[in-house]
Amino acid sequence: MAKLNAEVDTTTAARYRVLSYPTIMVLNENGEEVDRVVGYYRAPEFISQVQDYMAGKNTLASQIAEEPAKKNDLEFVYKLADHFADHGLFDESRKRFLIFVGMDPKNRSGRTDDAYYRLARMARKEHDYASDRKYARIIVDRYPDSDMYKSAILEEGQGYRKDGKPGMLEKARAIFIDYAKRFPQDEDAPWAKEQADTLAAKIAARRGA
Amino acid sequence: MNPRAGGWAAGALALSLVAVGCTQAKKPIPAGIEWNEAYATTLADARANHRPILLDFYTDW
């Protein structure tokens, strides 16, 4: 067992395509990946995931093999999309998340909003800011009761902020200002306000340059 | 789901690693976990003992 600081041992982190932290990898004795656990989990869930992997269960490889038989199983499709994303296989992940939202447009599963949010975040990671904003906007427009609603507004703001095209910073700033006004008691309101202020300074600097 | 949630589970994670080590043991586990800090050493240990590897990629942020 090893604890590796991925920011220091960048060679090993790159070898296993570690994209976020924490990433706990299960390898066989030859150092080949069996699977990985990405992010924080409660101890019992974490243990059961690692035990499954060591038994060859619920690994990405085994799920890919099961997919033809389970392609109408909503929960399975979401899990597979999630699993591909953990491995940094964004094209494969996106494909399944899009299938998922197509299968459950009315959000009966309660996860369609989550799937759109995942699509938005993946797009931002790949610097596809137009898609990032598009998916975030779908949540805002179609699922106003979603618990992802506020996060989606902020995501759209980030999609504008990160985009280098003219006029985008202004749009981002407007979204963050509006957010702080609409949800003054929200835990993210101070952050939104700070983003708006930083953007104001950036916009002023650009105009002055 | 709140995407900003998280961070609370670092302690739980450490506990879980101990538990995984215990349940998957093929040889006696020493008290406490002896973590390697180098990839090459870990690989050599695993090959020598025919045991799988758990690699924890963390950061200090």
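Among the elements of chain B in this predicted model, α1(B) has the lowest mean pLDDT, 44, whereas β1(B) has the highest, 94. Over residues 1–22 of chain B the pLDDT is below 50, although this stretch still has 28 contacts in the model beyond near neighbours in sequence. For chain B as a whole the mean pLDDT is 69, with 49% of its residues reaching 70 or more, and for the complex the predictor gives an ipTM of 0.73 and a pTM of 0.80.

**Chain B**

- Chain B consists of two helices and one strand, and its elements, read from the N terminus, follow the order α-α-β.
- Of the 61 residues of chain B, 16% count as buried.

**The contact between chains A and B**

- The contact draws 34 residues from chain A and 33 residues from chain B.
- On the side of chain B that touches chain A, the elements that give two or more residues are α1 (10–23), α2 (39–49) and β1 (53–58) of chain B.
- With seven residues, α1(B) gives the most to this side of chain B, and α1(B) is also the element of chain B with the lowest mean pLDDT.
- By residue class, the side of chain B that touches chain A divides into 19 nonpolar, nine polar and five charged residues.

**Strand pairing across the chains**

- Strand β2 (residues 23–27) of chain A and β1(B) run antiparallel and are joined by five bridges.
- Within this pairing, Thr23(A) stands opposite Phe57(B) in β1(B), the strand that has the highest mean pLDDT among the elements of chain B.

**Helix α7 of chain A**

- Helix α7 (residues 129–142) of chain A has 14 residues and reaches 20 Å from its first C-alpha to its last, which is close to the 20 Å expected at 1.5 Å a residue.
- The buried residues of α7(A) are Tyr129(A), Asp132(A), Arg133(A), Tyr135(A), Ala136(A) and Ile139(A).
- Seen down the axis of α7(A), these buried residues fall within an arc of 165°, and they therefore line one face of the helix.

Note on methods. Residues are numbered from 1 along each chain as its sequence is written. Chains are lettered from A and ligands numbered from 1 in the order in which they are written. This is a predicted model: local features need pLDDT of at least 70, side-chain atom pairs count only at pLDDT 80 or more; totals for chains, interfaces and linings use all residues. Two residues are in contact if their C-beta atoms, placed from the backbone, lie within 7 Å. Helices (H or I, at least four residues) and strands (E, at least two) are DSSP runs, numbered from the N terminus. Ala, Val, Leu, Ile, Met, Phe, Trp, Tyr, Cys and Pro count as nonpolar, Asp, Glu, Lys and Arg as charged, and the others, Gly among them, as polar. Two strands pair if DSSP finds at least two bridges between them. A residue is buried if 20 or more other C-beta atoms lie within 10 Å of its own, exposed if 12 or fewer, and partly exposed in between; C-beta atoms are placed from the backbone. The expected span of a helix is 1.5 Å times one less than its number of residues. The arc is that of the directions from the helix axis to the C-beta atoms. pLDDT is the predictor's confidence in each residue, from 0 to 100.
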